[in-house]
Amino acid sequence: MATETGFQRDWLNERFTFDCKARNKIVEKACLRHFQDHTLIKIVDIGSGTGSNALYLMERFPQNQHWILVELNPELAKASLKNLQAHAKKEGYEVEVSHNSLYLNKAAKTISIQVVRESFLELDTVLDLNTFDLLTAGAVFDLLSESLLEKLLRTIQKHKIACLTTINYEGIEFIPAQESDEIYI
């Protein structure tokens, strides 16, 4: 069923396995290494959809985590909590559910996840970005106009927040073609 933003929950869930395989493992390892000395990592995920970034990363970060998932679409926000709860139970976490939040505990690891139903385009008015260690995003930048993307990037830069983002593409071509295009691609 299509959501109000046009994305289908089933499609987002089905592509998860493929997206996991397509992630850049070198960049991922550098990110994990960068935060290895943190006992708690605070992560904001923008345009979180069905929770794929949290699903993918919560087991990879060994430390305690506090996630804020920013998703405007109510159907996707609800699906993200459902997906994360199911994953946590499968992984042996004790799960506590509260309205728009999950609290997960397993051994010496605690993860809190809160869904905020707001637009990420006004991120610094929704959250205090100075309190976060990392911003994640999965394939949202390609949905923005150049001016919206520039505004979002200025916000991220202003708060000096580290980013780990993904974007999927089948191919890319510049017109008119130039010799240096291959470097970018």
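Biologist: Why is lysine 160 called exposed?

Modeller: Lysine 160 has a relative accessible area of 73%. Exposed means over 50%, buried under 20%, and partly exposed in between, with a 1.4 Å probe and protein chains only, so lysine 160 counts as exposed. This is a predicted model, in which local features need pLDDT of at least 70, side-chain atom pairs count only at pLDDT 80 or more, and totals for chains, interfaces and linings use all residues. Residues are numbered from 1 along each chain as its sequence is written, and side-chain values use heavy atoms, with hydrogens and water left out.

Biologist: Where is lysine 160 found, and what is its phi?

Modeller: Lysine 160 sits in the loop between α6 (146-158) and β7 (162-166). Its phi is positive, near 50°, in a residue other than glycine. Most residues other than glycine have a negative phi.

Biologist: What makes alanine 107 exposed?

Modeller: Alanine 107 has 88% relative accessibility, so it falls in the exposed class. This residue lies in the loop between β4 (101-106) and β5 (109-116), and its phi is also positive, near 55°.

Biologist: How do you know that the span of α4 is close to the expected one?

Modeller: Helix α4 (residues 74-90) has 17 residues. Helices are DSSP runs (H or I, at least four residues), strands likewise (E, at least two), numbered from the N terminus.

Biologist: Which residues of α4 are buried?

Modeller: Among them are Leu76, Leu81, Leu84 and His87.

Key: The expected span of a helix is 1.5 Å times one less than its number of residues.
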